[in-house]
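I opened the model and kept notes as I went. Each entry below records one thing I looked up.

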Amino acid sequence: MRLSQDPGLFKGYGIIPGAFDELIGPQGEPRPDFVRLLEVLGSRSPEEFTRIQALAERALLNQGVTFSVYSDRRGTERIFPFCLIPRLVSARDWAQLERGLEQRVRALSAFLDDIYGEQRLLAEQPELKEIILGTSLYLPMLRGVRPPGGVRIHIAGIDLIRDGQGTFQVLEDNLRTPSGVSYVMESRILSKRVLPEVLELAKVRRVDHYPAKLAETLRATSPEDPDRATVVVLTPGPYNSAYFEHSFLARTMGVELVHAADLYVENERVFARTTRGPRRVHVIYRRIDDAFLDPDTFRPDSLLGVRGLMKAWAAGHVTLANAPGNGVADDKAVYAFVPDFIRYYLGEEPMLAQVPTYVCAREEDRRYVLEHLEQLVVKTVDEAGGYGMLMGPQSTREEREDFRQRILAEPRRYIAQPRIELSTCPTWDAASRQVVSRRVDLRPYILTGPQGSWVLPGGLSRVALRAGSYVVNSSQGGGSKDTWVQKETA
């Protein structure tokens with residue numbers, strides 16, 4: 001059955017040449033794991049789908065599911081764009097992803113312990129010193145500090161793409177303050193509300209237990225009795241782009257949402273100011289960048305941090321999730337070596353592929369990049385959100401020359417990768433009132449405590465809503481989809 005010839009929702013649907021479509025096979029047929037589900041979903045008319053998509057968007061507006069874009073002249077606060085057509089992942093594919101994600105987090109944890117400890121890797125491979133210690137995200141003052149519970153990466157968000165052959169590849173590691181998980185849960189609430197029979201038919205694994213799992217993970221790393229630990233979420237405030245998520249997670253975990261002014265440090269212990277007097281705080285899920293955490297240690301002009309917080313953490317009297325200093329492993333130049341870290345620290349072969357990467361700090365790589373700018377995607381090593389990039393195949397001569405000069409001036413700040421044809425997923429286009437093919441990525445979330453890691457069976461599927469675009473970031477015109485991971489069948 002070719003869905004594009006069906007008179008229903010998928011009529012006329014076309015796949016982008018060279019792309020792997022998540023739901024539809026190369027001949028236009030549903031992928032075997034999703035046949036019945038797509039038949040039911042596809043039976044809806046465009047008129048009916050227009051109505052239920054509008055219901056979903058109205059629900060997002062009423063619930064205040066927003067994000068902020070400070071560079072937009074139309075206003076900073078926006079409703080998070082959402083497409084009701086889900087992105088499905090088979091139980092078989094998810095099992096492989098789960099194992100690979102757990103392995104990657106274990107290796108990155110071992111790397112961070114080493115870099116802030118003995119630095120055995122650098123002693124044995126001194127050629128990596130410039131790359132690893134040369135990033136501004138490495139914090140040398142933290143060397144020798146062991147975090148409470150021994151956990152550095154409590155929450156990880158690993159960005160994945162799928163190439164034209166259907167192979168998942170890691171695109172980026174987010175080990176500081178990965179965001180987006182609140183939209184995962186809000187998306188599922190919408191799916192249950194407006195597509196209940198389709199969701200039931202799909203036999204999808206739940207995601208609503210994430211807040212309970214997160215609270216359990218955070219308490220498990222408390223420096224004192226986890227059952228009596230006080231956990232708080234530290235936010236920079238309502239003007240932060242992810243403030244909705246900060247308040248959402250605090251509310252669903254049943255913990256306090258606090259600002260810097262609510263906390264103080266005394267005798268290297270952290271306390272919260274309450275109407276009943278001071279209350280000891282054991283675990284802080286901080287949604288503030290390292291540079292602003294403590295004006296005594298980092299930026300002295302920070303009004304978002306707590307004086308003395310780093311001393312309390314270094315003394316082992318409070319857990320900070322995620323641990324300060326993790327940014328060194330987020331650096332895009334360091335990313336290039338993660339497969340080597342897996343082999344070095346774990347003695348295993350990587351289970352997940354990753355995008356080939358040219359590190360401009362290395363002369364041979366730099367020469368290749370400068371000669372092939374029109375074919376490559378160039379990225380700044382410490383930028384996020386799709387900023388600081390050159391999309392070579394879509395760039396102008398002036399843009400390429402600009403990046404050439406930037407690379408020559410500061411080679412350590414840049415890496416380059418071949419442009420991978422991202423996988424696609426059927427997506428509702430309100431303007432044409434039809435289903436179109438749009439590129440997607442996936443951010444799964446991994447929680448890690450003293451007993452190991454747990455992967456949320458789902459994740460944030462981001463979609464490039466603009467025709468022809470590869471940029472899925474919400475700040476640049478992207479949206480999201482609910483990610484349905486199917487249950488294993490007996």
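**Entry: Ala 336**

I began with the contacts of Ala 336. Leaving out residues up to four places away in sequence, I found that Ala 336 touches Gln 354, Thr 357 and Val 359. Contact here means heavy atoms within 4.5 Å. Ala 336 sits in the loop between α12 (332-335) and α13 (338-346). I also checked Ala 336 against Cys 360: they are 24 residues apart in sequence, and their C-alpha atoms are 11 Å apart in space.

**Entry: ground rules**

This is a predicted model, so I noted that local features need pLDDT of at least 70 and side-chain atom pairs count only at pLDDT 80 or more, while totals for chains, interfaces and linings use all residues. Residues are numbered from 1 along each chain as its sequence is written, and side-chain values use heavy atoms, with hydrogens and water left out. Helices (H or I, at least four residues) and strands (E, at least two) are DSSP runs, numbered from the N terminus.

**Entry: α3 and α13**

Next I followed α13 to a helix partner. Two packed helices are described by the angle between their axes and the distance between the axes. The axes of α3 (residues 91-115) and α13 come within 9 Å and cross at roughly 80°. Axes are lines fitted to C-alpha atoms, for helices over the stretch in contact, and angles run from 0 to 180 degrees between N-to-C directions. The two helices α3 and α13 are therefore roughly perpendicular to each other.

Which residues of α3 and α13 meet? From α3 I listed Gln 103, Arg 104, Arg 106, Ala 107, Leu 108, Ala 110, Phe 111 and Asp 114. From α13 I listed Val 338, Phe 341, Ile 342, Tyr 345 and Leu 346. By class, this contact has 9 nonpolar, 1 polar and 3 charged residues. Ala, Val, Leu, Ile, Met, Phe, Trp, Tyr, Cys and Pro count as nonpolar, Asp, Glu, Lys and Arg as charged, and the others, Gly among them, as polar.

**Entry: α2 and α6**

The axes of α2 (residues 46-63) and α6 (residues 181-194) come within 10 Å and cross at roughly 135°. So α2 and α6 are oblique to each other. On the α2 side I found Ile 52, Leu 55, Ala 56, Ala 59, Leu 60 and Gln 63. On the α6 side I found Glu 186, Leu 190, Arg 193 and Val 194. The classes for α2 with α6 are 7 nonpolar, 1 polar and 2 charged residues.

**Entry: the parallel sheet**

I moved on to strands. Four strands make an open sheet, in the order β7-β6-β11-β12, and the pairing is parallel. Two strands pair if DSSP finds at least two bridges between them. The edges are β7 (256-258) and β12, each with a single partner strand, so one side of each has no neighbour in the sheet. On average, neighbouring strands of this sheet are turned by 30° against each other, direction ignored. I found 4 bridges joining β6 (residues 231-234) to β11 (residues 283-286). Val 231 has Val 283 as its bridge partner in β11. Helix α8 packs on this sheet and touches β6, β11 and β12; its direction makes about 130° with that of β11. Helix α9 (residues 243-253) lies across β6, β7 and β11, and runs at about 150° to β7.

**Entry: the antiparallel sheet**

Another open sheet has 3 strands in the order β8-β9-β10, with antiparallel pairing. Its edge strands are β8 (263-266) and β10 (279-281), and each pairs on one side only. Neighbouring strands here are turned by 45° on average, direction ignored. The antiparallel strands β8 and β9 (residues 269-272) are joined by 4 bridges. I noted that Val 265 has Val 270 as its bridge partner in β9.

Where is Asn 267? It lies in the loop between β8 and β9. Asn 267 has a positive phi of about 50°, although it is not a glycine. Lys 203 is not a glycine either, and its phi is positive at about 55°. Lys 203 is in the loop between α7 (196-202) and α8 (210-220). Last, I found a cis peptide bond joining Ala 321 and Asn 322, with omega about -5°. Asn 322 lies in the loop between β12 (319-321) and α11 (327-330).

Methods
Parallel < 35°, antiparallel > 145°, perpendicular 65-115°, else oblique.
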